[in-house]
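Please take me through this structure with some care, saying how each term is meant as it comes up.

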Amino acid sequence: MTLSSRRGFIKCISLAIPGIHLFSFASAREAFAPGADHLVRERPSTVSAAQKKLGIALVGLGKYSTEQLAPSLLETKRCRLAGIVTGSPEKAASWKEKYGIPDTHVYNYENFDSIKDNPDVDIVYVVLPNAMHAEYSIRAARAGKHVICEKPMAVTVEECEEMIAASREAGRLLSIGYRLHFEPHNLAMAEFGQNRTFGEVKKIIAKDGMDIEPNVWRLNKKLAGGGPLMDVGIYCVQAALYTSGELPIAITAKEGRKTDLARFKEVEQSMKWTMEFPSGLVAECETSYAQEMNLLRAEAEEGWFQLNPAYEYSGIQGKAIDGPLEFPQVRQQVLQMDDFANCVMNNKKSKVPGEMGLRDVKILQAIYDAARTGQKIRLSEFSARHKKQNFLH
Ligand code: NAD
């Protein structure tokens, strides 16, 4: 069978195989087709169309909330912007006017806990600097709310564990803002890798970097927990795991030389690391706050497939040895938030749950350990503990 016929074959069979249908070529194409009610197709809902949309409160009205999440909440079908949490009275005023938010649904960081008395808010979405994720996710769970927390889930493993425990104790769902799990090109990479469409994957190359402006919280170790590794390197970790379908068993890493000591006083400027997987597959990864990079490439026994750019909000481009990968461009945040609302409505675990956020923070910490010690960090215990976890569900 040729590669392209195998790709076509997989397109057909994947619909019939339980567990992989969300990641199939065909289902991705159908689910994301313009006008398609993708969520009903993906997860048959018990909620009638007439039922209200769930209310989301955004905590932290910075760039990501302003430019991505709030506009996306105008397009979502299962949820809507119901409230805001901000320390800025000026932002509160302009958001209230722009999105028609009543005074009663506007909170600041001090009175945030009283959100428990607001039945219009079902989900709290934490979009604050990384070191604040744990506190606000835990407070939200204790207020009886379901939580979406931005990546990285938190700055320590212990915080991630506390967040999971708080949601569990409250009987509420917890999800991480991993939008690429809803993006068709990335889903195809996962499908090709995990289904061995191009044969066994031997090597993955993942790079994500940007040239960051000075004097921002992302360069403050206490608020960010680290540098580009925490912020964008996490996408390389994620991509290597969903393309391989495996967990790493060993990591080596090297921090790059700092060429801008003023900007990178507290955090790394760049990092290169290698992850070894049980099958023998190796992922070579790189992240930087001083250089633009955006690549996910898989080299397999019978050919290669790649995305460049791979992790952007839009404009993701894919190609493979046998031709281009053509999928619709989607608004990832719309699909991600609607999927979580659907999970809440149907009491189903998110496919990007807190446990996945915890897993990734463990790997990030192991990369820092490897760079600091110069030693190969073995993750056999970690990987044994997570053996049964499926990385894409
Ligand atoms: P930002 O700097 O634009 O916004 C941060 C917000 O937090 C601001 O409104 C700021 O006022 C508020 N804040 C409250 N207390 C603060 C404090 N002590 N110091 C600094 N700011 C404080 O950042 P952003 O780009 O919106 O990122 C927010 C979070 O979202 C981060 O965790 C980031 O990793 C994540 N993010 C995710 C994506 C994605 O694609 N999933 C993209 C961008 C950002």
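Predicted model: local features only at pLDDT ≥ 70, side-chain atom pairs only at ≥ 80, totals over all residues.

Residues are numbered from 1 along each chain as its sequence is written.

In total, 18 residues surround the ligand, and the closest are Gly60, Gly62, Lys63, Tyr64 and Glu150; a residue is taken as near a molecule if its C-beta atom, placed from the backbone, lies within 6 Å of it. Helix α4 (residues 63-72) gives the most to this shell, with three residues, helices (H or I, at least four residues) and strands (E, at least two) being DSSP runs numbered from the N terminus. Because domain 1 (38-179) and domain 2 (184-328 + 355-385) both give residues to the shell, the ligand lies between them; the domain bounds come from an automatic or database domain assignment.

Helix α7 (residues 157-170) has 14 residues and reaches 20 Å from its first C-alpha to its last, close to the 20 Å expected at 1.5 Å a residue, the expected span being 1.5 Å times one less than the number of residues. Its buried residues are Glu159, Cys160, Met163, Ala166 and Ser167; a residue is buried if 20 or more other C-beta atoms lie within 10 Å of its own, exposed if 12 or fewer, and partly exposed in between, with C-beta atoms placed from the backbone. Seen down the axis of α7, these buried residues fall within an arc of 125 degrees, so they line one face of the helix, the arc being that of the directions from the helix axis to the C-beta atoms. They pack against α6 (133-142), β5 (146-149), β6 (174-176) and α12 (354-373), two residues being in contact if their C-beta atoms, placed from the backbone, lie within 7 Å. The face of α7 turned away from its buried side carries the exposed residues Glu158 and Glu169, and just after the helix Gly171 takes a positive phi of about 70 degrees.

The protein chain holds 13 helices and 15 strands, and 49% of its 393 residues count as buried. Lys77, in the loop between α4 and β2 (79-85), lies 9.3 Å from Met337, C-alpha to C-alpha, although the two are 260 residues apart in sequence.
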